[in-house]
Amino acid sequence: MGASRGYETCSSQRWKNEKTSGLSKMRTVCVAVLALAVCLPLSGCGGSGKAPTGQVAARVNGQEVTVQELQAELAGFNAPDAKIRKLAEQRALQNIVARKLLAKAATDAGVAKSPDFALQKQRMEETLLVQAWQNNLVKAVPQPAPEEIQQFISKHPEFYAEHKVFTVDQLRIPPINDPAILAELKPLNSLEAIGQVLTSHGIRFTSAKATIDALAVEPALLAQIEKLPPGEVFVVPASSMLIANKIMDTKVVPVPNDLATKHAAQFIKGQRAQESVRRQFGAVVANPKAKVVYNKAYAPPPPPAKGKPTQGGSTAPAGKAG
């Protein structure tokens, strides 16, 4: 049973450039909670006062909801069909109106004065500030030059000229927290044997056939997959499950130059953005001038002395999969 890491479930649609919504967990929860509210008739829809125009989409108890706020609620959604786009705008606006009405009611009920709310608000504000700074750092990373892109494509034939699509048999397994079961599974190297152990412990799983596109796999993991002996089983985490894979067929499907250029540009910029964020965030956290004083009962452990290994012994070879 292999130990490759870092893989996320691959889409069977090749070279698809998926877009993320950028919604935080808190915001996602809010939308779910407000799902009922948007189905109900909202009071004030026909209230007194002049109807807003221009860049004001609505007023809620005198508080303006701007078009900019509405667009932020849509989180970049932009359907080509005008009717679908209008429906999405209406629903997003209803979400905003419902949220403001509920927030006002919660404030009137004294929720804002509770210690728990104050802690959650502080945490959320800090998180949003960090996310906004991270977004700014990512946006500031320039696009790579055309010659850099072509050089990257030439150096990585495994992505482009020799791009592979793997057909795999899979077992999709729920998370396993029992160390004894994990130890029993670790030496196994066939989907059948893994399935038998899972069944013996009453663990439900599903079988499936899928494709893994090399462009959707982290480069380090792709290198490990390509080194596997024929028929070797490898297990990777994906979302809320583990996926045991066995490669049944491999096809070489060269990537067209326009798609290769687009992918390489995004990949190079993405790596540089990650490095920029890591470097600047790390500099702040490790700044020796930062005034941090710990209670002795909660202080972190001291850093290891130079030349001494950290707890756990010597360093494993870099190429050895864990």
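Biologist: How many residues stand between E1 and E2 in their hairpin?

Modeller: Start with the terms: helices (H or I, at least four residues) and strands (E, at least two) are DSSP runs, numbered from the N terminus. Two strands pair if DSSP finds at least two bridges between them. Here E1 and E2 run antiparallel and are joined by four bridges. They form a hairpin with two residues between them. As a reference point across the pair, alanine 58 stands opposite valine 65 in E2. Note that this is a predicted model, in which local features need pLDDT of at least 70, side-chain atom pairs count only at pLDDT 80 or more, and totals for chains, interfaces and linings use all residues. Residues are numbered from 1 along each chain as its sequence is written, and side-chain values use heavy atoms, with hydrogens and water left out.

Biologist: Is asparagine 61 buried or exposed?

Modeller: Buried means under 20% relative accessible area, exposed over 50%, and partly exposed in between (1.4 Å probe, protein chains only). Asparagine 61 has a relative accessible area of 66%, so it is exposed. Alanine 75 has 28% and is therefore partly exposed.

Biologist: Why does glutamine 170 count as buried?

Modeller: Glutamine 170 counts as buried because its relative accessibility is 5%. This residue is in strand E3 (residues 164–173). For its surroundings, take contact to mean heavy atoms within 4.5 Å. Not counting residues up to four places away in sequence, glutamine 170 touches several residues, among them Leu191, Thr206, Ile243 and Asn245. Its side chain also makes a polar contact with the side chain of arginine 172 (3.1 Å). A polar contact is a pair of N or O atoms within 3.5 Å; within protein, one must be able to donate a hydrogen and the other to accept it, and residues adjacent in sequence count only if both atoms are side-chain atoms.

Biologist: Which residues of helix H5 are buried?

Modeller: An α-helix has 3.6 residues a turn, so residues three or four places apart point the same way. In H5 (residues 146–155), the buried residues include Ile149, Phe152 and Ile153. They cover an arc of only 100 degrees around the axis, which puts them on the same side of H5. The arc is that of the directions from the helix axis to the C-beta atoms. Glu147, Ser154 and Lys155, on the other side of H5, are exposed. Helix H9 (257–285) is part of what covers the buried residues of H5.

Biologist: How many aromatic pairs does a search of the whole structure find?

Modeller: A pair of aromatic rings is described by the distance of the centres and the angle of the planes. Rings of Phe, Tyr and Trp (its six-membered ring) pair if their centres lie within 6.5 Å; planes under 30 degrees apart count as stacked, over 60 as edge-to-face and the rest as tilted. The search finds six aromatic pairs. One of them joins phenylalanine 152 and tyrosine 160, edge-to-face, at 6.4 Å centre to centre with 65 degrees between the planes. Both residues are buried. Phe152, Phe159, Tyr160 and Phe267 form one aromatic cluster.
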